[in-house]
Amino acid sequence: MAKNDFYDLIIIGGGPGGLSAAIYAMRAAMKTVLVEKGITGGQVTMSDEVENYPGFTHISGAELSMKFTQHAQSYDLEMISQEVTVLDPGLDHHTVKLANGETLKAHAVILATGGSPKKLDVPGEREFYGKGVSYCATCDGFFFRGKTVVVVGGGDSAAEEALYLAKLCKKVYIAHRRDELRASKILQQRIFDDCNIEMLWNTVVTDIRAGSDGVERVGLKDTMTADTRELDVDGVFIFIGFNPNNELVPAGTRMNADGMVITDEKCETNSPGIYVIGDLREKFARQIVLSAADGCTAALAAAHFVEAKKPVGGDTCELPPDAAG
């Protein structure tokens, strides 16, 4: 690849959103490059099972990611395995700088860098992710039907997910480090009215333990007395916040208080030709299918944007001599 290559579209990030955008961009005959510093697929690759992506009743996250990647590559998509250090917006074109010193330029850029849930950083959390530890009740709650789980957190997300799990699980505990929830009053009332939910006030999870079949219990600590104990559970759902990967978002881009980028219905930011999709974008829910939909939307919007940027006119199309009669 030559330095200072000019593209119609640069996609930064190779998760479901970025790969979906690449598929639609290539089908729109745009000169496209996808830049991903790690493996394609994003966080999906770490999921043991995915059962809510249309068309697949059961598939592993790694296999679904591979299918996304293979589909994009079937259109001869150019992919660069490098870290992006700077996204510099411009009036005529946008510039993307890579960690290896190379520079790419394009009419349009789709930023698909995603984000990640905040971690407890306790023993067992990372080891048993996908084996009883989850950050998404909508994604994984079905696997805990009739079982006992603990939800960690005290905000709106924790309350909403606990209420969702209470419809599926035999018992739901909510472990919160304080003596009152931060969730809205209406969610709090619903929590307190649900006989399937039990609050563990002034309580933090200190470690997560598992056996051959997955999570079996958690260690708990009272934040007031420092007393410790164990609790038998089949799953741990952690909702203590979300960190958007917004380091590359250009200065002046509209974002909400949580660092999510605000876009229009085309996934376009307030900088023309720069689109944000997936978990980095402000929206109602974070799901694989929604990231893929964002990718489609942004790529189609970018295709219209790029077409409008190109000069009108060109060589006259003439029929072959033998076709004139």
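**Close-up views of the predicted model**

**View A. Val133 stands opposite Val236 in β15.** The model is predicted: local features require a pLDDT of at least 70 and side-chain atom pairs count only at pLDDT 80 or more, whereas totals for chains, interfaces and linings use all residues. Residues are numbered from 1 along each chain as its sequence is written, and side-chain values use heavy atoms, with hydrogens and water left out. Strand β8 is joined to strand β15 (residues 235–238) by 2 bridges, and the two run parallel. Strands (E, at least two residues) and helices (H or I, at least four residues) are DSSP runs numbered from the N terminus, and two strands pair if DSSP finds at least two bridges between them.

**View B. An open sheet of 5 strands shows the order β8-β15-β9-β10-β11, with parallel pairing.** The edges are taken by β8 and β11 (197–200), each having a single partner strand, so one side of each is left without a neighbour in the sheet. Within this sheet, 5 bridges connect strand β9 (residues 148–152) with β10, and the two run parallel. In that pairing, Thr148 stands opposite Lys171 in β10. Of the 5 residues of β10, 4 are buried, so this strand is largely enclosed by the rest of the structure. Buried denotes under 20% relative accessible area, exposed over 50%, and partly exposed the range in between (1.4 Å probe, protein chains only).

**View C. Glu198 and Lys171 form a salt bridge, with the closest N and O atoms 3.3 Å apart.** This pair links distant parts of the chain, 27 residues apart: Glu198 belongs to strand β11 and Lys171 to strand β10 (residues 171–175). A salt bridge requires a side-chain nitrogen of Lys or Arg within 4 Å of a carboxyl oxygen of Asp or Glu. With a relative accessible area of 34%, Glu198 is partly exposed. The structure holds 11 salt bridges.

**View D. Strand β12 (residues 203–211) and strand β13 (residues 214–222) run antiparallel and are joined by 8 bridges.** Across the pairing, Ala210 stands opposite Val215 in β13.

**View E. Asp207, Arg209, Glu216, Arg217, Glu230 and Asp232 are linked in a network of salt bridges.** One of the pairs is Glu230 with Arg209, whose closest N and O atoms lie 2.1 Å apart. Glu230 in strand β14 (residues 228–232) and Arg209 in strand β12 are 21 residues apart, and the pair links distant parts of the chain. Glu230 counts as partly exposed at 46% relative accessibility, and Arg209 is partly exposed with a relative accessible area of 30%.

**View F. Asp294 and Lys283 meet through their side chains in a salt bridge (2.8 Å, N to O).** Asp294 lies in helix α6 (residues 288–309) and Lys283 in the loop between β17 (274–276) and α6, so the pair ties together parts that are 11 residues apart in sequence. Asp294 counts as buried at 8% relative accessibility, whereas Lys283 counts as partly exposed at 26%.

**View G. Lys118, Arg177, Arg178 and Arg182 gather in a patch of positive charge on the surface.** Patches consist of residues with over 30% relative accessible area and no salt bridge, like charges being joined within 9 Å and nonpolar side chains (Val, Leu, Ile, Met, Phe, Trp, Tyr) within 5 Å. Lys and Arg count as positive and Asp and Glu as negative, while His and the chain ends are not counted. Each charge is placed at NZ of Lys, CZ of Arg, CG of Asp or CD of Glu. Accessible areas follow the Shrake-Rupley method with a 1.4 Å probe, and for residues only the protein chains shown count as cover. Lys118 is located in the loop between β7 (115–117) and β8 (133–134), and at 36% relative accessibility Lys118 counts as partly exposed.

**View H. Asn245 is found in the loop between β16 (242–244) and β17.** The C-alpha atoms of Asn245 and Gly259 are separated by 8.7 Å, the two residues being 14 residues apart along the chain. Asn245 has a relative accessible area of 27% and is partly exposed.

**View I. The C-alpha trace of the chain spans about 90 × 40 × 40 Å along its principal axes.** The chain has 6 helices and 17 strands. Of the 325 residues in the chain, 49% are buried.
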